[in-house]
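Subject: Structure handover

Hello,

Here is the structure you are taking over. Please open it first and then read the notes below it.

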Protein chains: 4
Amino acid sequence: VDVSSSSGHFERSLDRVVFFADAVFAIAITLLVLEIAVPNVAKTHLQHALGTEGWEFFSFALSFGVIGNWWIAHHRIFGYIVRVNARFLRINLLFLMAIVFVPFPTAVLGRYSDSSTAVILYAATIAGVGVAAALLWWYASDGHRLVVPDLRERRIRYFRLRSLIVPLVFLTSIPIALSHPYSAELWWIWVPVLAIILSRVYPDSLGD
Amino acid sequence: VDVSSSSGHFERSLDRVVFFADAVFAIAITLLVLEIAVPNVAKTHLQHALGTEGWEFFSFALSFGVIGNWWIAHHRIFGYIVRVNARFLRINLLFLMAIVFVPFPTAVLGRYSDSSTAVILYAATIAGVGVAAALLWWYASDGHRLVVPDLRERRIRYFRLRSLIVPLVFLTSIPIALSHPYSAELWWIWVPVLAIILSRVYPDSLGD
Amino acid sequence: VDVSSSSGHFERSLDRVVFFADAVFAIAITLLVLEIAVPNVAKTHLQHALGTEGWEFFSFALSFGVIGNWWIAHHRIFGYIVRVNARFLRINLLFLMAIVFVPFPTAVLGRYSDSSTAVILYAATIAGVGVAAALLWWYASDGHRLVVPDLRERRIRYFRLRSLIVPLVFLTSIPIALSHPYSAELWWIWVPVLAIILSRVYPDSLGD
Amino acid sequence: VDVSSSSGHFERSLDRVVFFADAVFAIAITLLVLEIAVPNVAKTHLQHALGTEGWEFFSFALSFGVIGNWWIAHHRIFGYIVRVNARFLRINLLFLMAIVFVPFPTAVLGRYSDSSTAVILYAATIAGVGVAAALLWWYASDGHRLVVPDLRERRIRYFRLRSLIVPLVFLTSIPIALSHPYSAELWWIWVPVLAIILSRVYPDSLGD
């Protein structure tokens, strides 16, 4: 194998990009557990102390689901990529920066679940991840810039619409969070609901 | 290499899934050490302070063994996988979520080794990992859904029975832990014992 | 595939080196978020508490950008490497040691943004990373020691000059930081400015 | 590519083992920085506070060098491996468990550099890593069990002797540490010295 050939170079390039993203996902998702505080109380109060950490477990599971689903989405996007360029790499880094940041608002939300500020910080972070992911896909698919040449328009459109769901739902939850933090958290259920509706509208775009 | 071809796509897909799982295993197993507190005492009391951390070292080693063995098991399962689908990916994420959570009950057990609550939290977590792993294998092997077509039924059955050992032992240790936390920890020795017995019953299923 | 052949051995060798570096980059970049302290105040003071963490967010974003750009640079250097030797591996480890250290001065800078000491510690660390990266490239490209044989001299020179920008800017910021810490931080803007100027002078060396 | 074929299966197996080890090395080496405490003092005392952390920086650099060199050694060993079996995997996990544990004695040594207990804990850990690495190589190379068939006996013997240096030096430093902790730390310089002497005795075994 001639590793100096340009196609070999490209393959290794794309592999490293994908690998780096996977590693960042894996680390960010695993660090979430560090944000759950180990209780420091008398032995007899341990059960009670764990009971009061309900929101920390909730925000751990929520962020695990969020990052896990982004990983699957990133996975799917890169399944169609056949080329990368410098700008795409930079958008990808921006996206990863948002992913890496997630454990922080997760920890804040775990500690202050009923605070508007905590919910807004969380919603803004996830919306930011979503905007970066949407940028990634719109940029790559625009005029088939970096994707497989025979990728159908309909599928491109499906993933474009899908990439708007998270920014839309999380941004619109911010005004709600100002007065009703818990309602804003309920509002996020729109994400899976809209995703399912969209997949019904584009039934042939499922798969992989 | 035509990276857009469906088989190339699949290969990369499966590689990413395996890679992501390996990274999560590696991180979770390495984070365990962060849960051992560095003593903060006068120099002359260091030896005594380390001596009192016996249970933290025990729970570190226990969880290292547990996660390490899951890694080998995951490794073995994926050695037979030739296809993945969306549902399998989701079960896999659930499994990884349980793995990622392990450092938390490990730290709690290290600090409160004689507490029923800590032992039950630990046992429930490991049982959860075990149930997810069992699901993963039963789903993949059912009707040879995702596994090598020529995998023998007897071997499938062996791994199915084996996947039940951990949930069985850890779930049955929970009622014991209610009154005797240390006895519950001893009870876990059934895991290697049953694994050895099972491998004697199915001697031809050993290997790799 | 005969994994014992020397070329296969080499391929695996280079892959492991690249992989190890990528993993270290990914972990160092993800650990940055752990240095942002989760506020521990009354719920009504959360917004204020987050507001006072502005510099922690700044130093997180700065170091993310710094490590991210080093990753891209490392990526580019290794795209030209066709051979490794023991000395190169050692320089690479030195470089990674500097990268791994970055979260520490980042955390110090986040907490003491207006302190000369914190700015100097940060500048010295980044300059150290830069010197190690420059060494890596100068050593590999000297007489085409480890790089693709047909790599043009002009491109080698371009990357050599480019590798000097970071050490130059960060080292010269140290005397400034002694009296004006904030001005030293502004001074760092020379890095992207000089990089853009240099890429204009060598327009044909862009790409990758 | 028929991923179900036994050779494909093997290749993937070995890759996962190597990958998992690399990830664990990368994480353990990167976590070292987390053990350096960010000072929490008045701004004007920052310089002084950092000055008192000299031993933390020393133990960070020492452990980085130690883990980095184990990584290179592991790298070299696996360059000769063509087969793995269950026992080898288990020794490898034992080795990784010792590697993963290194950040803990590193942090203890950083905080209690003049304590016999801290030095003994550190020396015992590194000796433990060394014993596991020696086991790994002796087991794999015994009768060419898992290594390339044409690997020369002389090279096997060289690596066997080399694998004894670390356990030897660190175990013999323990009695010294009982009365003179700093002298024990100096004693460790025997490791590079003996490695260089040995490589002079077996000049043809260098390379890779």
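**What was found**

Read along the sequence, chain A follows the pattern α-α-α-α-α-α-α-α-α. That is nine helices and zero strands in chain A, where helices (H or I, at least four residues) and strands (E, at least two) are DSSP runs, numbered from the N terminus.

This is a predicted model, in which local features need pLDDT of at least 70 and side-chain atom pairs count only at pLDDT 80 or more, while totals for chains, interfaces and linings use all residues. Residues are numbered from 1 along each chain as its sequence is written, chains are lettered from A and ligands numbered from 1 in the order in which they are written, and side-chain values use heavy atoms, with hydrogens and water left out.

**Chain A as a whole**

The C-alpha trace of chain A spans about 65 × 40 × 25 Å along its principal axes. Chain A has 208 residues, and 58% of them count as buried. Buried means under 20% relative accessible area, exposed means over 50%, and partly exposed lies in between (1.4 Å probe, protein chains only). The accessible surface of chain A is about 8500 Å², and carbon and sulfur atoms account for 65% of that. These areas come from the Shrake-Rupley method with a 1.4 Å probe; for residues, only the protein chains shown count as cover.

Contact means heavy atoms within 4.5 Å. Among contacts in chain A between residues at least 6 apart in sequence, 73% join residues at least 24 apart.

Chain A carries 16 positive and 14 negative charges, and their mean positions are 6 Å apart. Lys and Arg count as positive and Asp and Glu as negative; His and the chain ends are not counted. The place of a charge is taken as NZ of Lys, CZ of Arg, CG of Asp or CD of Glu.

**Salt bridges**

A salt bridge is a side-chain nitrogen of Lys or Arg within 4 Å of a carboxyl oxygen of Asp or Glu. By this rule there are nine salt bridges over all chains.

One of them joins B:Arg16 and A:Asp22 at 2.3 Å, N to O. This pair crosses between chains, from helix H1 of chain B to helix H1 (residues 6-31) of chain A. Both B:Arg16 and A:Asp22 are buried.

Another links A:Lys43 with B:Asp114, the closest N and O atoms being 3.8 Å apart. A:Lys43 is in the loop between H1 and H2 of chain A, and B:Asp114 is in the loop between helix H5 (103-111) and helix H6 (116-141) of chain B. A:Lys43 counts as partly exposed because its relative accessibility is 42%; for B:Asp114 the value is 33%, so B:Asp114 is partly exposed too.

A:Asp114 and C:Lys43 also meet in a salt bridge (3.8 Å, N to O).

**Charges without a salt bridge**

A:Glu53 is in the loop between helix H2 (46-51) and helix H3 (54-80) of chain A. A:Glu53 is buried yet has no salt bridge, and the nearest side chain of opposite charge, A:Arg111, is 8.4 Å away. Leaving aside neighbours within four places in sequence, A:Glu53 is in contact with A:Ile36, A:Ala37, A:Pro39 and B:Phe104.

On the surface, A:Asp15, B:Asp15, C:Asp15 and D:Asp15 gather in a patch of negative charge. Patches are made of residues with over 30% relative accessible area and no salt bridge: like charges are joined within 9 Å, nonpolar side chains (Val, Leu, Ile, Met, Phe, Trp, Tyr) within 5 Å. B:Asp15 sits in helix H1 (residues 6-31) of chain B and, at 43% relative accessibility, counts as partly exposed.

Regards
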